[in-house]
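Open the model in your viewer and keep the selection panel at hand.

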Amino acid sequence: MTTHTQRAGLLVIGGGIGGMATALAAARAGRPVRLLERAPAFTEIGAGLQVGPNAVRVLTNLGLYERIEEIAVFPERGIFMDAVTGTYLTSLDLGPAFRKRYQAPYAVMHRSDLLDILLDACRASDLIALENGRTVTDVHELSSGVVRVECADGCIYEADAVIGADGLNSRVRKLLSDDDPVCSGYAAYRGTMPVDDIGASIDGDNVVLWIGPGMHMIQYPIRRGELYNTVAVFRSDAFQRGEEDWGGPAELDARFATACGEVRRGVALVDRGRHAKTYDREPLDRWTIGRVALLGDAAHPMLQYLGQGACQALEDAEALGRGFAEHGDDYAKVLAAYEQERVPRAAQCQTTARSWGEIWHTDGIGRTLRNHILTSRADDDYTHTDWLYLPAAV
């Protein structure tokens, strides 16, 4: 195997939504960027993606709103339903008042559509070089302050700074922590179907969330309303018993057997050929070491209950771009400002997501109290979303 070394300014490892947005944000601040992706092509696994107004603002600042508007759906309400009884609990008004308050709409879209929009923008920039098929095997900082990145194919890069956006099982994270991902014991099944192929009536204007004991289902339209996305999530009893083989279709059906008819019809739409076991990690108190920093799921993987995984990665990217615009190639200042701004915010999202999952999936008296509180709130009560969606003073 032949090895050769290339010089790089800013090197981003990982070509997902966070990595792409970081490359674009840095380039817009005038920094040349090289992005390495281990897959042979830039693709996103998954289907539906919720993009809160905090993330829509980031995409707008990156000059991408017009593209988003062409392909996304902007629901009018987020509706909460009881998955067992089928009764209405509450809703969140996502209309004009919401948009005015948070200076952006709430969007839902296909993950691959967002990645394609970011990819097109990166390819259009003369400051961004994209490379596929690069599996990073080692990252370490040399005594000169240069970061050396080695790949399985023999390619070696010496960069001024490295951003590890390489996901839940990040290799770069090992420089800062030897922790392991934390399994939630929940499995998720997803399905996306053309709206015209769904026989049952659907709510094409809203995000509908059904919550119940140890389970939930969420549905919403994507891709201009042409597709309907369904995600069914449940707590695995087999996982609780310590079994290695858990989360299969039989457990899915058993958990949702007590759900109302509409939820069971929704669960029938998911792809039973594969499922995802959901993980997060404990929050870190630092994301940087020398000239290396973590970003997105490499820094703060979180459970899905806030719909903020990709959104927080976009916020990370914007914070780095802002640092480059202010401090140029003073990487110490850029990364220090980035860490100071982003660590507390992302940690709050990680821990709050866990709490929301417990609230959604509670049973007994907890479920009774939860439903009472939800049914008593007003649709335009933004008490519990202001911390997440209001623009930050930076």
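**Strands around β14**

Select strand β11 (residues 182–194) and β14: the two pair in the antiparallel sense over nine bridges. Strands here are DSSP runs of E with at least two residues, helices are runs of H or I with at least four, and both are numbered from the N terminus; two strands pair if DSSP finds at least two bridges between them. This is a predicted model, in which local features need pLDDT of at least 70, side-chain atom pairs count only at pLDDT 80 or more, and totals for chains, interfaces and linings use all residues. Residues are numbered from 1 along each chain as its sequence is written, and side-chain values use heavy atoms, leaving out hydrogens and water.

Next, pick T192, which stands opposite N229 in β14. In the hairpin of β13 and β14, four residues lie between the strands, and R223 takes a positive phi near 50 degrees.

Now colour β14 (residues 227–235) by accessibility: eight of its nine residues are buried (under 20% relative accessible area; exposed is over 50%, partly exposed in between; 1.4 Å probe, protein chains only).

**Helix α11**

Which residues of helix α11 (residues 365–375) are buried? They are R367, R370, N371 and L374. Seen down the axis of α11, these fall within an arc of 95 degrees (taken from the directions from the helix axis to the C-beta atoms), so they line one face of the helix. Turn to the face away from the buried side to find exposed I365, T368, H372 and I373. Finally, show what covers the buried residues of α11, including β4 (77–82), β5 (88–93), β12 (206–212) and α10 (331–361).

Conventions
Contact = heavy atoms within 4.5 Å.
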